[in-house]
Amino acid sequence: MGIIAWIIIGLLAGLIAKALVPGKDPGGIIITMLVGIVGGLLGGFLGKVIFGVDSIDGFFDLSTWIAAVAGSVIVLLIYRAVTGRGRAHA
């Protein structure tokens, strides 16, 4: 159930991350959802590894959302860096 919860949170966190990080993304809504899911999973993993806490305390817990959005922002920035370089050489 933890992974499914992170996927649902990740979908919303991807939208929040895209709103927080200014700039145009090379992807559409599908990429935003994938970035959110990966970012949510990354945020949950990092929260568990770095802070040693069960970061999925609850769907409405603030720490869960902070971890998911932070992970999504990280993945979004990495995605932009990778796709930006790829398009610059083309």
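Let's start inside, with the largest nonpolar core: it has 13 residues, and the ones touching the most other members are Trp 6, Ile 9, Ala 68 and Val 73. By nonpolar core I mean a set of buried Ala, Val, Leu, Ile, Met, Phe, Trp, Tyr and Cys residues joined through side-chain atoms within 4.5 Å. Helix 1 and helix 3, residues 62-88, each put at least two residues into this core. Helix 3 has the largest share, with seven residues.

A quick word on where this comes from: it's a predicted model, so local features need pLDDT of at least 70 and side-chain atom pairs count only at pLDDT 80 or more, while totals for chains, interfaces and linings use all residues. Residues are numbered from 1 along each chain as its sequence is written, and side-chain values use heavy atoms, with hydrogens and water left out.

Okay, the overall layout. The protein has three helices and zero strands, so reading from the N terminus you get α-α-α, where helices (H or I, at least four residues) and strands (E, at least two) are DSSP runs, numbered from the N terminus. Of the 90 residues, 36% are buried. Buried here is under 20% relative accessible area, exposed is over 50%, and partly exposed is in between, with a 1.4 Å probe and protein chains only. Take the contacts with a separation of 6 or more: 76% of them are between residues 24 or more positions apart. Contact just means heavy atoms within 4.5 Å.

The accessible surface is about 5,500 Å², and carbon and sulfur atoms own 77% of that; areas come from the Shrake-Rupley method with a 1.4 Å probe, and for residues only the protein chains shown count as cover.

Which residues make the nonpolar surface patch? They are Leu 12, Leu 15, Ile 29, Ile 30, Met 33 and Leu 34, and the patch covers about 540 Å². A salt bridge, in turn, is a side-chain nitrogen of Lys or Arg within 4 Å of a carboxyl oxygen of Asp or Glu. Helix 1 (2-20) and helix 2 (29-51) each supply at least two of the patch residues, and helix 2 has the largest share, four.

Ile 30 sits in helix 2 and counts as exposed because its relative accessibility is 53%. Leu 34 is also part of helix 2, but at 48% relative accessibility it counts as partly exposed. Leu 34 is 42 residues from Leu 76 in sequence, yet their C-alphas are 9.8 Å apart in space.

Stay on helix 2 for Thr 32. Is Thr 32 buried or exposed? Buried, because its relative accessible area is 5%. Beyond its neighbours within four places in sequence, Thr 32 is in contact with Gly 14, Leu 15 and Lys 18. With Lys 18 there's also a side-chain polar contact of 2.8 Å. A polar contact is a pair of N or O atoms within 3.5 Å; within protein, one must be able to donate a hydrogen and the other to accept it, and residues adjacent in sequence count only if both atoms are side-chain atoms.

Last one: Ile 16, over in helix 1. Ile 16 counts as partly exposed, because its relative accessibility is 38%. Neighbours within four places aside, Ile 16 is in contact with Trp 65 and Val 69.

Key. Patches are made of residues with over 30% relative accessible area and no salt bridge: like charges are joined within 9 Å, nonpolar side chains (Val, Leu, Ile, Met, Phe, Trp, Tyr) within 5 Å.
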